[in-house]
Amino acid sequence: MKKILVEHLKYRYPQAAELALNDISFEAEEGEKIGVIGRNGAGKSTLCQALTGLVPHFYKGAYGGRVIVDGTEVLSSSISEIVLKVGIVFQNPFTQVTGAKETVYDEVAFGLENLGLPRGEISSRVDAALELLRIYRFKDQAPFSLSGGQTQRMAIAGIIAMRPRIIVLDEPTSQLDPQGSEEVYQALDDLSDQGLTIVLTEHKIEKIAQYCDKILVLQDGRSVAFDTPARLFSAEDSDAWGIRPPVYTSVCRKLLRPPTGVYPVTLSEAGEALANWEAST
Amino acid sequence: MKQLTLYVDKQSFVHAVDPITKLFYVAFAILTSMLVPTAYAGVICALLSLSLLCLAKVIKNASPVFLFIGFVLFTVVVIQGLFGVNNQTEAFRLSGLIFYREGLITGAKIILRVVNIVSAFLILTLTTKASDLVEDLVRAGLSPRIGYVITSVFQIIPQMISSADIIMDAQRSRGMETEGGLMVRMKAFIPLIGPVVLDSFMSTKERAMALEARAFSAPNKKTFLRERPAYTYAAKLRGAFVVLTLAALIWRLAA
Ligand SMILES: Nc1ncnc2c1ncn2[C@@H]1O[C@H](COP(=O)(O)OP(=O)(O)OP(=O)(O)O)[C@@H](O)[C@H]1O
Ligand SMILES: [Mg+2]
């Protein structure tokens, strides 16, 4: 069974003239990591919200096509049913602080209280989520006293703790320094090893090329490509999508003509290809 | 981070009383002082509240409030004493002004009433965390939505103040004058309103979405992670306050 199935999704915000999402189709298997890229305003955040039913249940507007997550059609389920299956972490970490809790620990527990889980279950899940995001040592601090990166990780922990089978992250590392983003990606790796399906948007192309199994490229609300990073960035028309390929790919394009037509997209792949090229000349 | 709270973290038997029982006390103190037809009831209630504030070791924190209302009440008494509608009997003269007995008594009654209301509420606010009060109310059946709005306001307003500070700093670093006379400050304040209000308007929508993502509107019964210690005498005290308030009501109706 497909974990995520999006078919001809169209969506227009109320009072907007243009479609924010225009005929998007893609799918994801269990445990896959899907990257969504595109310029500002391409529709990445809107797509994230469509995967969790916030579009169209929270934002009304014109909606067409189907989004099926973990076997459930988003349009015919309530948001509180969908969030059990799909967790979403938003772009701005500060608006995700509930403001109703006095400590980081209680903040992370908020969603679990809402689900009505027994106390013992709540504490073990919160502990695990805090450990995974490496913010256990802040557990007794006030939520608003954390830095941007720590707040981002608290937001992720709050969603992880609810144990959804799919997690959608909208620019999860925008507030993080290189070290912090590395830690977040490591945490996501652990989760995807456990079989979680991950969808994330990201502006750091090198990062997403290395991390994701497949990449969906959005341009003005349309999906212009959906492929593995290697095939996607090797395509001749990738420049026309308004995204630039990873620097490693660009360098190799200048130097190499691989027989497969597929260029390296990560540092280690590029290193290997360049070493082979050096040996052959 | 500044906290928008009057709560004073001390140990006392007043602090130990649960928030809802304190609410019962507030209702009792205010209603009784208004219902009972003799002024003594008001005096007794006010003395009771003031001594509770002392015993809770928070009278110092209460004094600025009393100082402020004292100033307001003083003007009320003067105006009543001079110009009260029922004024007839001269009480005394002060540099040519005639103060009347009736007006002064009315003024005194107003003082008593205000002091009663303010001190009863101060007992609640100075010895109770707002979040504890709201949580207990939610447990007692208040809608979690309303509870959330109340608690988050206490946290988000300081948040807005600090975002105003950040914007103010940014404007200062661009050469805008923000210190000085009232006019200068006013002028510095106006361009702040836009970003701060817009910022909080946008974030309200995001906040609402983030709450949905945390299953805030799930239809099941919520868990309360923190166990709140039950207060031993809650039932007895609440019962006593209700009985006393009813007695005051009967007294009023009989008189
Ligand atoms: N609440 C809204 N109401 C109306 N239009 C909106 C709303 N949110 C976004 N849009 C519009 O929908 C389009 C897609 O926006 P979206 O936020 O999904 O882009 P994005 O790819 O996430 O951009 P960014 O990289 O800046 O985060 C944009 O044209 C935007 O102006
Ligand atoms: Mg976005």
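This is a predicted model: local features need pLDDT of at least 70, side-chain atom pairs count only at pLDDT 80 or more; totals for chains, interfaces and linings use all residues.
Q: Which residues come nearest to ligand 1, and how many nonpolar, polar and charged residues does the shell have?

A: There are 14 residues around ligand 1, and those that come nearest are Asn40(A), Gly41(A), Lys44(A), Ser45(A) and Thr46(A). Sorted by class, the shell has 4 nonpolar, 7 polar and 3 charged residues.

Q: What lies 2.8 Å and what lies 2.7 Å from an oxygen atom of ligand 1?

A: A polar contact is a pair of N or O atoms within 3.5 Å. At 2.8 Å from an oxygen atom of the ligand there is a backbone N or O atom of Gly41(A), while a side-chain N or O atom of Lys44(A) is 2.7 Å from a ligand oxygen; for the side chain of His203(A), the corresponding distance is 3.2 Å. Of the 630 Å² of accessible area that ligand 1 has on its own, the protein covers 63%.

Q: In what sense do strands β9 and β10 of chain A pair?

A: In a regular strand, side chains alternate between the two faces of the sheet. Here β9 (residues 214–219) and β10 (residues 222–227) of chain A pair in the antiparallel sense over 5 bridges, with Leu216(A) bridged to Phe226(A) in β10(A). The two strands form a hairpin with 2 residues between them, and Asp220(A) in the turn has a positive phi of about 45°.

Q: How many residues of chain B are in contact with chain A?

A: The contact involves 33 residues of chain B and 38 of chain A. About 3100 Å² is buried between the chains, 57% of it from carbon and sulfur atoms; Met209(B), Arg214(B) and Leu225(B) supply 27% of the area that chain B buries against chain A, more than any other three residues.

Key. Residues are numbered from 1 along each chain as its sequence is written. Chains are lettered from A and ligands numbered from 1 in the order in which they are written. Side-chain values use heavy atoms; hydrogens and water are left out. A residue is near a molecule or strand if one of its heavy atoms lies within 4 Å of it. A polar contact is a pair of N or O atoms within 3.5 Å; within protein, one must be able to donate a hydrogen and the other to accept it, and residues adjacent in sequence count only if both atoms are side-chain atoms. Accessible areas come from the Shrake-Rupley method with a 1.4 Å probe; for residues, only the protein chains shown count as cover. Ala, Val, Leu, Ile, Met, Phe, Trp, Tyr, Cys and Pro count as nonpolar, Asp, Glu, Lys and Arg as charged, and the others, Gly among them, as polar. Two strands pair if DSSP finds at least two bridges between them. Helices (H or I, at least four residues) and strands (E, at least two) are DSSP runs, numbered from the N terminus. Contact means heavy atoms within 4.5 Å. Buried area is the accessible area (1.4 Å probe) that two parts lose on being put together, summed over both.
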